[in-house]
Amino acid sequence: MNKCLHCGVNILDQTDVCPLCQCVVEQENDSEAKERYPDIRLKGRRLELVSRIALFLAIVLGALAVIMNYVMDSDMWWSVIVVGALAYLMLFLFYIIANEHAGYRSKVMIGVACGVADLVVIDYVLGFRHWSLDYVIPTVFIIMDVMIIAAMFINIRSWQSYLLFQICMILCSGVCVLLSLFDVVRHPVMSYVALGFSSVMFLATFIIGGRRARNELKRRFHVM
C-alpha cells in the first residue's frame, strides 16, 4: 500500500504518483504497515497497572483510617465512611476497566446506584436519621430525570432509546414511595415529587414522541 504525504490518503494501486495532487507517493511495504497498528495489549497492561496501584492506595488509606479511628477512641466510626467511599471508587473503577466497551449510560447508572448505596451507609454510620432516604435519594432521581432529558436533546437521533431509563426512574421513585408506607422513608414529600416528576417526563416524552416512542416500547417489551 502506498501513501501520499501531501493528501494523507492511502492508495491501493501500485502507482508512483498520487491521482489527486500528482505528488510522488511514499512506498510502504507490508512490514512497515503492520508496525503502524497500535499495540492493544500495551493499553490493557497499563490499565491493569493503574488499577493495581489504585487498589493498593485504597487499601493503605482504608487501613490508616481504621487505625486512626481506633487510636483516637472516637465515639463515631467515621472510618467506615472513608472505607465505603474508597470501596465505591474502586468498584466503579474496576467496572469501567472490565467493561471498557460498555455504553456511557450503563456506566452512569452503575455509578449512581453505587453512590446511592454509599450515601445510605454514611447515613447509617452517622446515626441513621433517614436523611439519605428522605431527601438525598429522591433528589438524585430528579437530577437523573433532568440528565436524561438533556441527553435526549444531545442525541436527538436516538432519543427514543432513553425511554427505558425514564421507566427505570419511575420504578425507583415508586420504591421510595412504597418504603414510606413501612415508615422506612419518614418524610416522603421528596419521594412523591420525584415520582410525579419522573411520570410527567415519561408521559411528555411518550406523547410528543408519537409513533417512534410507541415502536421503541414495543421493541423493548416484545409487544406486537
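Is Asp183 buried or exposed, judged by its relative accessibility? Select Asp183 to begin: at 52% relative accessibility, Asp183 counts as exposed (buried means under 20% relative accessible area, exposed over 50%, partly exposed in between, with a 1.4 Å probe and protein chains only).

The structure on display is a predicted model, in which local features need pLDDT of at least 70 and side-chain atom pairs count only at pLDDT 80 or more, while totals for chains, interfaces and linings use all residues. Residues are numbered from 1 along each chain as its sequence is written, and side-chain values use heavy atoms, with hydrogens and water left out.

**Two loop residues**

Remain at Asp183, which is found in the loop between α6 (163–181) and α7. Helices such as these (H or I, at least four residues) are DSSP runs, as are strands (E, at least two), and they are numbered from the N terminus. Asp183 has a positive phi of about 65°, although Asp183 is not a glycine.

Next, select His130, in the loop between α4 (104–125) and α5. His130 is not a glycine, yet its phi is positive, at about 70°. With 5% relative accessibility, His130 counts as buried.

**Helix α7**

Now select residues 189–209, which form α7. This helix has 21 residues and reaches 30 Å from its first C-alpha to its last, close to the 30 Å expected at 1.5 Å a residue (the expected span is 1.5 Å times one less than the number of residues). Colour Ser191, Ala194, Ser198, Phe202, Thr205 and Gly209, which are buried in α7. They cover an arc of only 70° around the axis, which puts them on the same side of α7; the arc is that of the directions from the helix axis to the C-beta atoms. Then turn to the other side of α7, where Val189, Val200, Ile207 and Ile208 are exposed.

**The largest pocket**

The largest share, 5 residues, comes from α7. About 220 Å³ of space lies in this pocket. On a 1 Å grid over the protein atoms alone, a pocket is an open set of points with protein on both sides within 12 Å along at least five of seven lines, and lining residues have an atom within 4 Å of a point. The volume is the space filled by probe spheres set on the points, which are joined across faces, edges and corners.

Colouring the lining by class shows 8 nonpolar, 2 polar and no charged residues. Here Ala, Val, Leu, Ile, Met, Phe, Trp, Tyr, Cys and Pro count as nonpolar, Asp, Glu, Lys and Arg as charged, and the others, Gly among them, as polar.

Move on to helix α8 (residues 211–221), where Arg219 and Glu216 lie 3 residues apart, about one turn of the helix. Their side chains meet in a salt bridge at 3.0 Å, N to O (a side-chain nitrogen of Lys or Arg within 4 Å of a carboxyl oxygen of Asp or Glu). Select Arg220 as well: the side chains of Glu216 and Arg220 meet in a salt bridge at 2.8 Å, N to O. Glu216 is buried, with a relative accessible area of 7%, whereas Arg220 is partly exposed, at 34%. A search of the whole structure finds 2 salt bridges.

Definitions and conventions: On a 1 Å grid over the protein atoms alone, a cavity is a set of points where a 1.4 Å probe fits but cannot get out, and a pocket is an open set with protein on both sides within 12 Å along at least five of seven lines; lining residues have an atom within 4 Å of a point.
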